[in-house]
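This report goes through the packing of one chain, with the cut-offs behind each term stated where the term is used.

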Amino acid sequence: MSGFSNHKHGHIAVVPSAGMGHLIPFLRLASLLSSHNLKVTIITPNPTVSLSESQTLLHFFTSFPQITQMPFHLLPSHPTPTNSKDPFFYHMERIHQSSHLLLSLLPSLSPPLSALITDVTLTSSLLPITQSLNLPNYILFTSSAQMLTLCLHYHSIMDSIASTDDESLQISIPRSLIPPQLLGKTEDFFKTSFAENGKQMTLSTGILVNTFQSIELSTLNKLNTGGVIAKLPPVIAIGPLVPLIDEKKSQELTWLGRQPAGSVVYVSFGSRTAMSREQLRELGEGLVRSGSRFLWVVKDKKVDTEDEQGLDEIIGSGLMEKMKENGMVLKNWANQEEILGHESIGCFMSHCGWNSVTEAIWNGVRVLAWPQHGDQKMNADIVDKIGLGIWPKKWGWGGEMVVNGTEIAESIKEIMGNEVLRVGALHIQEEAKRAVELGGSSDKELRDLIQTWKQAHVDVVVV
């Protein structure tokens, strides 16, 4: 008899990396796979970097008791070769240094695994382990297909782009969209791991991307027909991964319920962006001058456990007083999935992390793009091209300049008054929902993948 008796379709384990931007898509994917009658185990690196990650995991496993948690206890912290100053990159290095422990952990899971799904940042660490175990290993790429194109190619062009100012690269991606860390000559963890993970992805069983054909059809076609790199495993668009709705009623939702439909600007720059005090105050002035209602999540430190000062100290008591009339300002973690789904939200001022972009798409909300770092200019470019919002490119990367309140107010007025964008966002929302509905492009790709796992399982257990 087989150990698969209670889960006839197989057992999938997933390994997320550090940070909410990497954790959230894995939780959404785990929930989706579980709904297809797969046994799912989430291998969670322990400890986490932030309090929000720990709280999210606790709530998730309470809400989805059918999904198993397997803690992956990391080795004690010690200096790393690249000495990452970013706490999230440092934690990724810790996971990398501890990855050999999975060689014994993975075979201990019961029933035996059908496949492992690995975060893109852990590709080079975990692929050798799964290869030695003869275990299919899929990569979940947590950004866009356009960013995947750069990731796959970067190792072969990293030296040439550091020594040239050519605007267009061999892969037809404007230089201006590429994260500055990838353009310089200095070696750091982000640059070296980005190159190595992109190179190793070609050895994976397949690459899952949280996107859908309507917004990235051309890029997906190039990836799957050798137009980006030869001998690439299948690139499978399975998005947008649907947000997990919390039933709890938060204070921000209570406040939103008192606002007219489509009247509120939601302002958030993700779980890792810490703006300067000067920029935060200019942003606050801009929100006040725009005349719009707003819900603003303020972040002063990269890691939430270090965020100890109050809003009066960060923003200034005078500005806080001015914002009370039309706004609500939060300093704690907010449930963005629920906020964007509220009917009072009319616009999302965002850093354009890919999770935020897909959540805006899912809820039909216009985006005022303000990229801060990483893949976010690449994502803002997609927002601009598909008509989801506007991107004031002159604002540059976060921290390059202080954008004054008057400019911010004018951009808010522009997008809130743009009826074409409002209707366009709703159209993109319809396309996203069609993609994941039964028979939609993403639903079909996922079902085909699950059928592959089912067949592999039958081949193993049938005598």
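Which residues does M201 touch, not counting residues up to four places away in sequence?

## Basis of the model

This is a predicted model, in which local features need pLDDT of at least 70 and side-chain atom pairs count only at pLDDT 80 or more, while totals for chains, interfaces and linings use all residues. Residues are numbered from 1 along each chain as its sequence is written, and side-chain values use heavy atoms, with hydrogens and water left out.

## Nonpolar cores

M201 touches V120, T123, I139, F141, L148, C151, L152, I207 and P233, where contact means heavy atoms within 4.5 Å. In the largest nonpolar core, which has 71 residues, M201 is one of those touching the most other members, together with F141, L148, I207 and L295. Helix α6 (residues 145–162) supplies the largest share of this core, ten residues. A core here is a set of buried Ala, Val, Leu, Ile, Met, Phe, Trp, Tyr and Cys residues joined through side-chain atoms within 4.5 Å, buried being under 20% relative accessible area with a 1.4 Å probe, protein chains only.

## Helices α14 and α17

The axes of α14 (residues 354–363) and α17 (residues 419–436) come within 6 Å and cross at roughly 100 degrees; axes are lines fitted to C-alpha atoms over the stretch in contact, with angles from 0 to 180 degrees between N-to-C directions. The two helices, DSSP runs of H or I with at least four residues, are therefore roughly perpendicular to each other, a term covering 65 to 115 degrees. I361, W362 and N363 of α14 meet I428, Q429, A432, K433 and V436 of α17.

How values were computed: Buried < 20%, exposed > 50% of the residue type's maximum accessible area, 1.4 Å probe, protein only. Parallel < 35°, antiparallel > 145°, perpendicular 65-115°, else oblique.
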